[in-house]
Amino acid sequence: MYDKITPPTTGSKITFKNGEPVVPENPIIPFIQGDGTGIDIWPATEKVLDAAVAKAYKGTRKISWFRVYAGDEACDLYGTYQYLPQDTLTAIEEYGVAIKGPLTTPVGGGIRSLNVALRQIFDLYTCVRPCRYYAGTPSPHKTPEKLDVIIYRENTEDIYLGIEWKQGSEIGDRLIKFLNEELIPATPEHGKKQIPLDAGIGIKPISKTGSQRLVRRAIKHALLLPKNKQQVTLVHKGNIMKYTEGAFRDWGYELATTEFRQETVTERESWILGNKEKNANLSSEENARMIDPGFDSLTPEKKAQIVKEVETTLNTIWESHGNGKWKEKIMVNDRIADSIFQQIQTRPDEYSILATMNLNGDYLSDAAAAIVGGLGMGPGANIGDSCAIFEATHGTAPKHAGLDKINPGSVILSGVMMLEFMGWQEAADLVKKGLGAAIANGQVTYDLARLMEPPVEPLKCSEFADAIIKHFG
């Protein structure tokens, strides 16, 4: 089955049932060390994860690690441009859950991004990026401890699908001509718009299926959170891109109010129910006026639409959600993308789970990570219905490779996410406890040490791992 690698002789496969992992006591987990500083941060990560599992389960559970290859180190073993060999794809498919360090962007070889390729090959449609603060971590923000969000980013659609044509290419020019001469004039809402003839052009597909399976996972995660954190915010730019980003918002609400009707309430529904609770004699029109301040200036048709929204809400969910019961439900709301960038800084404690499309999620997850300590402390997971890959979210930093210097926090915390995904919460909690205590005690690598006030003596990458383990208690 394999050309140049051999699986462990002990251990069992993780399988999936209804999109959830079925984990044996001794799972085989493929790992990609990663390029550049992967040579330093992966050994530190493996040491921490193994120690946590051993302490938590006293030998009844153990991970059997299976080394596979991607990136530059794969080319060294498999040959030029073999950035993503079939051996690696076969192993990930067979064993279901994998973890990886940072990978280089290939030069040549026909792969734009190894990370994107892995997501598309295994249909890892959900990128999960938690951003929470560990006390003592240097931050440019005055109150980073208020930010505790989990970003659910759609992973397979949007402009990241990579369907685009270079300016001046034959197909690009043909497509622009076809749009300008036939499709755009045939759509009255576009008026006299025209695409410049010297433009590059790309396609931005957003599907109902892709949007709703992402939001479904976000809502299921919200169900597991404490009551005060049970909120899902749909992030979009639907005020401009109505049929892609606006549709994402609409499809998200549709899923929440059908498949999760008994578990959720939308923000507008909560306003309608709350108004009725404060004044039982409130008319539907008065309620509509309260939820839409511009009601009186609207057209009769729009007014009637909002009144009908009020009546429908009260008729369908008053019994199940009224009289304050909606306060125990998952709140589903939405925010414009540019607004949420501001609000995670000014009102971060108002948000819990942010569900976004691909591009918005890419920007937003890095911006949120900067508040709580940067990408060196930013974990990530890519999850599908039959596979999951956990990964460092930063680059390869080749100039630091082999110096035992870099912060392994991103991969270690990605390992925490992996343990939680597997249901090994006790081991995950040990790592979080140890890492938090090490940082609080100023036992950190150079990237954090130089920003602390006063600055502290930095630990090596391997020493940071040892400090985390000592703080397991």
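User: In this predicted model, are Phe-16 and Phe-421 buried or exposed?
Analyst: Phe-16 is buried, as is Phe-421, and by the cut-off used here this means that each has under 20% relative accessible area.

User: How many aromatic pairs does the rule give, and what makes Phe-16 and Phe-421 one of them?
Analyst: The count comes to 8 aromatic pairs. The centres of Phe-16 and Phe-421 are 6.2 Å apart, and since the limit is 6.5 Å, the two rings qualify.

User: Why is the pair of Phe-16 and Phe-421 called tilted?
Analyst: The angle between the planes is 40 degrees; stacked would require under 30 degrees and edge-to-face over 60, so the pair is tilted.

User: Which elements does the pair of Phe-16 and Phe-421 link?
Analyst: Phe-16 belongs to strand β1 (residues 15-17) and Phe-421 to helix α13 (residues 409-422), so that distant parts of the chain, 405 residues apart, are linked.

User: What kind of pair do Phe-66 and Tyr-95 form, and why?
Analyst: Their ring centres are 5.8 Å apart with the planes at 90 degrees, and the pair is therefore edge-to-face. Because Phe-66 lies in strand β4 (residues 64-68) and Tyr-95 in helix α3 (residues 86-95), the pair ties together parts 29 residues apart in sequence. Phe-66 and Tyr-95 are both buried, and together with Tyr-2 they form one aromatic cluster.

Note on methods: Residues are numbered from 1 along each chain as its sequence is written. This is a predicted model: local features need pLDDT of at least 70, side-chain atom pairs count only at pLDDT 80 or more; totals for chains, interfaces and linings use all residues. Side-chain values use heavy atoms; hydrogens and water are left out. Rings of Phe, Tyr and Trp (its six-membered ring) pair if their centres lie within 6.5 Å; planes under 30 degrees apart count as stacked, over 60 as edge-to-face and the rest as tilted. Helices (H or I, at least four residues) and strands (E, at least two) are DSSP runs, numbered from the N terminus. Buried means under 20% relative accessible area, exposed over 50%, partly exposed in between (1.4 Å probe, protein chains only).
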